[in-house]
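Morning, everyone. Please bring up the model, and we'll walk through it together.

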Amino acid sequence: MLKNSSKAISTILILVGLVVIGAIAIWSPVCSKMIELANGNMTYMKCQYTGQASILLSIVLVIAGLESLISGSRKPWTIMTIGIMLLVVTFNSKLGIGLCKKNTMACHSTAIWICGGGIVTIICGFISLINGERRV
């Protein structure tokens, strides 16, 4: 039973990672506009960097899911940490990168996908923690 739930959780984590990557890259991309700085240079908006960080976190999530699926080991604390990082990256804070100020920008719909992926990841990590961390 525990082995089957571990495989199911690993598969869900892989799918969550792919969905977040797909949302950022395909069906709900972040803003691609550039802004002018006070010195005249052009740079991307914050949401561009939030998207890049989320893609990297999702790649790590997919790799962790594949490793768990292949080896049979579970690392719930690692999975929950990745989920928390997916949530935090969307916040305007010292830890997060944030989004554009205007609520009408496309990055706000992308943030919903990122936060949803983070929540599902945290739930999967918590379920894995409850089932007990047993290494095969």
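Start with tryptophan 27. Tryptophan 27 is partly exposed, at a relative accessible area of 47%. The cut-offs: buried is under 20%, exposed is over 50%, and partly exposed is in between, with a 1.4 Å probe and protein chains only. Tryptophan 113 is also partly exposed, at 39%.

A word on the source. This is a predicted model, where local features need pLDDT of at least 70, side-chain atom pairs count only at pLDDT 80 or more, and totals for chains, interfaces and linings use all residues. Residues are numbered from 1 along each chain as its sequence is written, and side-chain values use heavy atoms, leaving out hydrogens and water.

Back to the two tryptophans. Their ring centres are 5.5 Å apart and their planes sit at 65°, so the pair is edge-to-face. Rings of Phe, Tyr and Trp (its six-membered ring) pair with centres within 6.5 Å; planes under 30 degrees apart are stacked, over 60 edge-to-face, the rest tilted. Tryptophan 27 lies in helix H1 (residues 2-27) and tryptophan 113 in helix H4, 86 residues apart. Helices here are DSSP runs of H or I, at least four residues, numbered from the N terminus.

Now the helix packing. H3 (residues 76-88) packs on H4 (residues 107-131) at about 160°, with axes 8 Å apart. Axes are lines fitted to C-alpha atoms over the stretch in contact, and angles run from 0 to 180 degrees between N-to-C directions.

Who touches whom? In H3, the residues meeting H4 include Trp77, Met80 and Leu87. On the H4 side, Ile114, Phe126 and Leu129 are among them. Contact means heavy atoms within 4.5 Å.

Definitions and conventions. Helices (H or I, at least four residues) and strands (E, at least two) are DSSP runs, numbered from the N terminus.
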